[in-house]
Amino acid sequence: MRYDSITEAIGNTPLVRIDPAVHGLRHIDLYAKLELLNPFGSVKDRAAWNMARPHLAAAAGEGGQVVELSSGNTAKALAVLAGMHGLTFKSVTNRMRIPEIKDLLLLLGAEIEELPGQSECLDPTVTDDPLTQFHRALSEPGSTFLHTDQYFNPRNTEAHFTGTGPEIVKDLDGRAPDWFIACVGTAGSSTGVARALREHDPAVRVAGLVAAKSDFIPGIRTIDEAHEVGLFDPGTYDTIEAVGADEAIEGMLTLNRRCGILAGPTGGAAYFGAVRQLRPIDEELAERDDEEGAERQSAVFIVCDRVESYLSYVRQRRPDLFGRPRRRNSPADLSDAEVRTAPAIGVADAQKWIATGEPLVVDLRSPYAYAALHIDGSVNIVDELFEELLHGGLPFSRSRPVLLACPVGEKSARHAALLTRMGHPDVRSLTGGVIAWRDAGAPLVRD
Amino acid sequence: MGGQPLFLEPRLESRLRSLLNVPGLLHTLTEALGSPLNVVLPDQLADNLQQFRSVYGSHHLSGQVYFAHKANRSSALLRRLAATDAGVDVASLGELQHALGAGFTPGRITATGPKNPEFLWLAARTSVTVSLDTRGELEQLATLVRKHALPRTRILLRLSGFEASGVRVLSRRSRFGTDVGELEPLLEAVERHGDVADLVGVAYHLDTTSLTEKATALEGCLRVLEECRSRGLRPRAVDIGGGFGINYLADAGQWNRYTTQLTEAVLGTRPPLTYGGHGYGLRSEAGTLRGTLGLYPAHRPVAGARYLDELLAHPAASLGGRPLAAQLLEHLYDLHTEPGRALLDQCGLTLTRVLEVRDQETGGPLAVRLAAKAGDVALEEHGVLMDPVVLPRDPTGRTAAAGADTGREPVTVHLFGNLCLESDLITRRTVFLPRRPEPGDLLAFANTAGYCMDFHATRAQHQPVARKVAAWQEGDAWRWCLDDQYWPTTPVGGAQ
């Protein structure tokens, strides 16, 4: 496969059969359309390219900017495409809740504007909500914005009507599947694919999946939010069901661990929703099988994007999945009694000790706080780093006394206890911390 | 209406629930003092304060919780709070006088908001801390202090227009506070007036439910304080205002169902859910939903003290990623908060009597007229959707006129006020009630103490403004007195 441009690698993604041992459906072949293998990482590559392509050359000449209301994958694709054509890209959104995606977009050179949250004091007369301002700015005469308008642009749907849908039919040897299950985001892929499949076989049943209202699944809208999308037509779907975030993650883990498909939560939601939708159908088919002989059906769902961008999302909801082996010399190993009886010293005595015993004073606060005000002569080793150091052993000689200081004397007590356990003979925690030091009127410096 | 009733039941914690379980007392009170009637629960305020204090405690932060006085003008609430260690933030001359009179010493009072000369003078005269909105206000204060030989005044600088790094966080423009872009001349003025004004810190208040915006502002304040320190000033506090919110509804499912149905009503795929098809900011354009839902997020799992906790745990991205609480603590700053609504969660209710129940059309909503006007129960004004609790006058059986079989099934109603105005709707929403109300019944609007009780009530049109009583528990019994007669000593002394 040789290409002249990365954009030629968009589309023609594999259709992979999910092992029946995984999903347990006996009379339905379930296929995953692996949109995660598009070059920029998601199903949105198709729509982004199809929407932007006709206008990029003209916009580049005018030194314009591509703008889109997007919280993730469309923005990612458009940022790359804009960059490739000498344009800048701006994403305006109130939904960008995945830090990795935000960082990736910044890395790709995107500008991100986040819309403000809801007002706490309601003003029913307010007319300058940022979304209105955004559209006003776009329509100003002389503006050089290329607004791809993914929620209303028919070229979004078209990308899937002419690409994704026919590819599925081709890979199923010219047959449309009996079922198509898709998550509803911009509704572009579900609408476009559904139209292509039904043109081939009007009997295709289409299930739309939305996010449960109290949940957040990246890339999927709730039913209310779907109504805000111009491309969304409830008539496209035979059923619309909700999926929860936990279910999406469960589905994702199954695809990741048992199928080798590194799908993100959206793909997980599609898999989970597909199996839930198909299970009763499969049982019906099984009953009929006993009476009339075998009849097999097929179903396709879309894996929108990859897991890597969602680690913090998953960590927040399923910390259990990130259990790591415990490390030696960790403050977490200490008993309450050890912490309570950790060697400590009050402010007045500490001042005397510093004057006579020359202990190494270690300030465990952040460098910013340390830079602002600290005990004269102290060194700054921020607690996280200090903890890291201790995993490897004592970071200073046993012969040098040490005074540990933190804001209120809590973290320093833990570390003093740990250092004592590790064999340091003369380490003490500053009782009450730097705050007690300040409140006692002892000097703090910035240097 | 069809379909299952779309109830929006209020969240009732034990104290408010207990009071509503004594309908006899509530009927007696409204018979004696008229409808509408506001009841406040001072002890609940003290409990709520403890929740905020425990968040401070868990982050090892010191500083003050200032109750935002404007959220309720009750004397009982203020006096109860004066008996704790909380502070109060006052936004007018009257509020300042009220706070001083209720027993708050100046060290526990902050003067905020737009100020007239009298307000500014009394604040400076009594040595309360003044939160200054603009450089002009600082000049005005400095002139006052010099001219009248007043003591050196502690000041906070209220800032706005914070910018995030990396991602531009758009924020609604505030007409309060000085833009951080104008910091330089402001700090020069502070230095110039150092003999009469003592900078204790900076403040912000953002009107938003968004944690990220508030975190951005707090980070911005930390940077400003560092700038102050580098100039040799000695600030030691950040005041982050309030806006932590209340979770008004008992059930997330009800809220989700209701808002979805509202969306469908706006799109025309189900019958209207509001008087006159009002869309609460939503509209349908060619079958696509447009506009923004202008409603308070009435079901908010993260509100009040929990919201503050999450804000403090938020990482300060531009300062190395450690949580904001750790930043405040390590920089040795005090944290000041000004929760109004959130501190008044579960602190009161508004009672209204049903005057008339009228059938409008067969199967359609009933017209229920209450002895109160919209301003007395300003839930609508604040976009809070929440059902009233029906307290029947005759809890054992229905009156003869109502018949035996009515009053048992859920009904839909429109709640009208007692003003001669088409627009006087207690709520524009079609309300589902578990049973048909009758004249003489009470509708109790729960949890109105924060802004919804008296913020919008006026004496225009010579309709009575709600009286207010304070209620508290002694053993198993509920006791009460007029709001003005409540002092923290009343419960043990016994005013009745």
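1. In this predicted model, B:T427 touches B:Y280, B:E380 and B:L415, leaving out residues up to four places away in sequence. B:T427 is found in strand β18 of chain B, which covers residues 425-433. The relative accessibility of B:T427 is 8%, so the residue counts as buried, the cut-off being under 20%. One of the residues it touches, B:E380, also makes a polar contact with B:T427, side chain to side chain, at 3.1 Å.

2. Leaving aside neighbours within four places in sequence, A:D289 is in contact with A:H27 and A:A294. A:H27 is 262 residues away from A:D289 along the chain, yet the C-alpha atoms of the two are separated by 8.9 Å.

3. The interface between the two chains deserves a point of its own. On the side of chain B, 51 residues are in contact with 43 residues of chain A. Between them the chains bury about 4100 Å², and 52% of this area is on carbon and sulfur atoms. The polar side of the interface includes 14 residue pairs in polar contact, with both residues at pLDDT 80 or more. Which elements of chain B give two or more residues to the side that touches chain A? They are β7 (168-169), α9 (211-230), α10 (252-267), β12 (288-291) and α12 (324-330). Of the elements of chain B, α10(B) gives the most to this side, with seven residues. By class, the side of chain B that touches chain A has 13 nonpolar, 23 polar and 15 charged residues.

4. Three salt bridges are found across the interface of chain B and chain A. One salt bridge between the chains joins the side chains of A:D383 and B:R322, with 2.7 Å from N to O. These two residues are also part of a network of salt bridges that links A:D383, A:E384, A:K411, B:R322 and B:E330. The network therefore has members from both chains, and each link in it is a side-chain nitrogen of Lys or Arg within 4 Å of a carboxyl oxygen of Asp or Glu.

5. Another salt bridge has the side chains of B:E226 and A:R446 meeting at 2.8 Å, N to O. This pair crosses between chains, from helix α9 of chain B, where B:E226 lies, to the segment after α17 (433-439) of chain A, where A:R446 lies. Are these two residues buried, partly exposed or exposed? B:E226 has 24% relative accessibility and counts as partly exposed. A:R446 has 34% and also counts as partly exposed.

6. Five strands form an open sheet in the order β6(A)-β3(A)-β4(A)-β5(A)-β7(B), with parallel pairing. The edges are β6 (145-147) of chain A and β7 of chain B; each has a single partner strand, so one side of each is left without a neighbour in the sheet. Where the sheet passes from chain A to chain B, two bridges join strand β5 (residues 111-114) of chain A to β7(B). In β7(B), A:E113 has B:R168 as its bridge partner, and A:E114 has B:V169.

7. Over all chains, the whole structure has 54 salt bridges. Within chain A, the side chains of A:K33 and A:E167 form one of them, at 2.7 Å from N to O. A:K33 is in strand β2 (residues 28-34) and A:E167 in helix α6 (residues 154-171), so the pair ties together parts of chain A that are 134 residues apart in sequence. Both ends are buried: the relative accessible area is 0% for A:K33 and 10% for A:E167.

8. Within chain B, B:K468 forms a salt bridge with B:D454, and their closest N and O atoms are 2.5 Å apart. B:K468 lies in strand β20 (residues 467-474) and B:D454 in the loop between β19 (442-446) and β20, so this pair ties together parts that are 14 residues apart in sequence. B:K468 and B:D454 are both buried.

Technical notes:
Residues numbered from 1 in each chain as written. Chains lettered and ligands numbered in written order. Predicted model: local features only at pLDDT ≥ 70, side-chain atom pairs only at ≥ 80, totals over all residues. Heavy atoms only, no water. Contact = heavy atoms within 4.5 Å. Buried area = accessible area lost by both parts, 1.4 Å probe. Polar contact = N/O pair within 3.5 Å; in protein donor to acceptor, adjacent residues only side chain to side chain. Helix = DSSP H or I, 4+ residues; strand = E, 2+ residues; numbered from the N terminus. Nonpolar A, V, L, I, M, F, W, Y, C, P; charged D, E, K, R; others polar. Pairing = 2+ DSSP bridges. Buried < 20%, exposed > 50% of the residue type's maximum accessible area, 1.4 Å probe, protein only.
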